[in-house]
Amino acid sequence: MSDLIAECIAEMLSDGGGVAELSRKMLADRFSCVPSQINYVIETRFSPENGYLVESQRGGGGFIRIVRVMDDKQRMLLEAGRAVGGRLGQKDAARLTRALVSAGLLTLREGQLLTAACSDGALGEVPTELRDCIRASIYRCAVMGITT
């Protein structure tokens with residue numbers, strides 16, 4: 001049920017150019033569910049972390065306005081940054097960067113800069129046992145910075 005509701009809202013966002021204004025009651029009636037199910041879908045699928053702003057007004061003329069603030073490219077980069085984890089080796093950083101460039105999520109120049117910033121040469125003053133942790137942090141921050 002949640003998937004169907006999310007698909008419906010996503011379609012409304014596409015039709016509205018990234019903005020959808022809807023009524024909890026209207027959607028609940030359409031899907032024969034309780035309004036709290038609509039709230040659950042919005043909270044879990046259309047959150048700021050997923051690239052959306054949600055404005056809600058309750059009451060008789062209540063509505064929910066959802067605005068997409070990130071496109072799919074930005075969202076995929078954000079997910080790639082989150083997936084890095086606590087440690088990242090130089091070869092893994094370079095491999096991930098090549099994949100992001102190949103997928104068109106990073107420009108060649110962004111990829112080159114990211115690879116250089118995460119190289120052992122750039123981290124030469126950092127003790128060897130700390131490099132992978134610091135590299136992971138640099139990588140995450142750089143990718144997050146590119147998304148904004």
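Me: Why are α6 and α7 called roughly antiparallel to each other?

Reply: The axes of helix α6 (residues 108-117) and α7 cross at roughly 155°. Angles over 145 degrees count as roughly antiparallel (under 35 is roughly parallel, 65 to 115 roughly perpendicular, and the rest oblique), so α6 and α7 get that label. The angles run from 0 to 180 degrees between N-to-C directions, with axes as lines fitted to C-alpha atoms, for helices over the stretch in contact. As for the source, this is a predicted model, where local features need pLDDT of at least 70, side-chain atom pairs count only at pLDDT 80 or more, and totals for chains, interfaces and linings use all residues. Residues are numbered from 1 along each chain as its sequence is written, and side-chain values use heavy atoms, with hydrogens and water left out.

Me: What makes α6 and α7 a contact, and which residues make it?

Reply: Contact means heavy atoms within 4.5 Å. On the α6 side that gives Glu110, Leu114 and Ala117, and on the α7 side Ile138, Tyr139, Ala142, Val143 and Ile146. These divide into 7 nonpolar, no polar and 1 charged. The sorting goes like this: Ala, Val, Leu, Ile, Met, Phe, Trp, Tyr, Cys and Pro are nonpolar, Asp, Glu, Lys and Arg are charged, and the others, Gly among them, are polar. The axes come within 10 Å, and α6 passes α7 in a right-handed crossing. Right-handed means the near helix is turned clockwise from the far one by less than a right angle, left-handed that it is turned anticlockwise.

Me: How do you know that α5 and α7 are roughly parallel to each other?

Reply: Helix α5 (residues 90-102) and helix α7 (residues 128-147) pack at about 20°, with their axes 10 Å apart. That angle falls under the parallel cut-off, and therefore α5 and α7 are roughly parallel. Their crossing is right-handed. Gln90, Ala93, Leu96, Thr97 and Leu100 of α5 meet Asp132, Arg135 and Tyr139 of α7. That set splits into 4 nonpolar, 2 polar and 2 charged.

Me: Why is leucine 77 called buried?

Reply: Its relative accessible area is 1%, and buried means under 20% (exposed is over 50%, partly exposed in between, with a 1.4 Å probe and protein chains only). So leucine 77 counts as buried. Leucine 77 sits in helix α4 (residues 72-83). Beyond its neighbours within four places in sequence, leucine 77 touches Leu100, Leu105, Leu106, Val143, Ile146 and Thr147.

Me: What makes β1 and β3 a strand pair?

Reply: Two strands pair if DSSP finds at least two bridges between them. β1 and β3 (residues 63-68) have 4, in the antiparallel sense, so the test is passed. Alanine 20, for one, has isoleucine 66 as its bridge partner in β3, and leucine 22 stands opposite isoleucine 64. β2 and β3 pair too, antiparallel, over 6 bridges, including the one between glutamine 57 and phenylalanine 63. The names come from DSSP runs numbered from the N terminus: helices are H or I of at least four residues, strands E of at least two.

Me: Why do β1 and β2 count as edges?

Reply: The 3 strands form an open sheet in the order β1-β3-β2. β1 (19-22) and β2 (52-57) each have a single partner strand, so one side of each has no neighbour in the sheet. The twist averages 10° from one strand to the next. Helix α1 (residues 2-15) lies across β1, β2 and β3 at about 125° to β1, and helix α2 (residues 24-31) lies across those strands at about 80° to β1.
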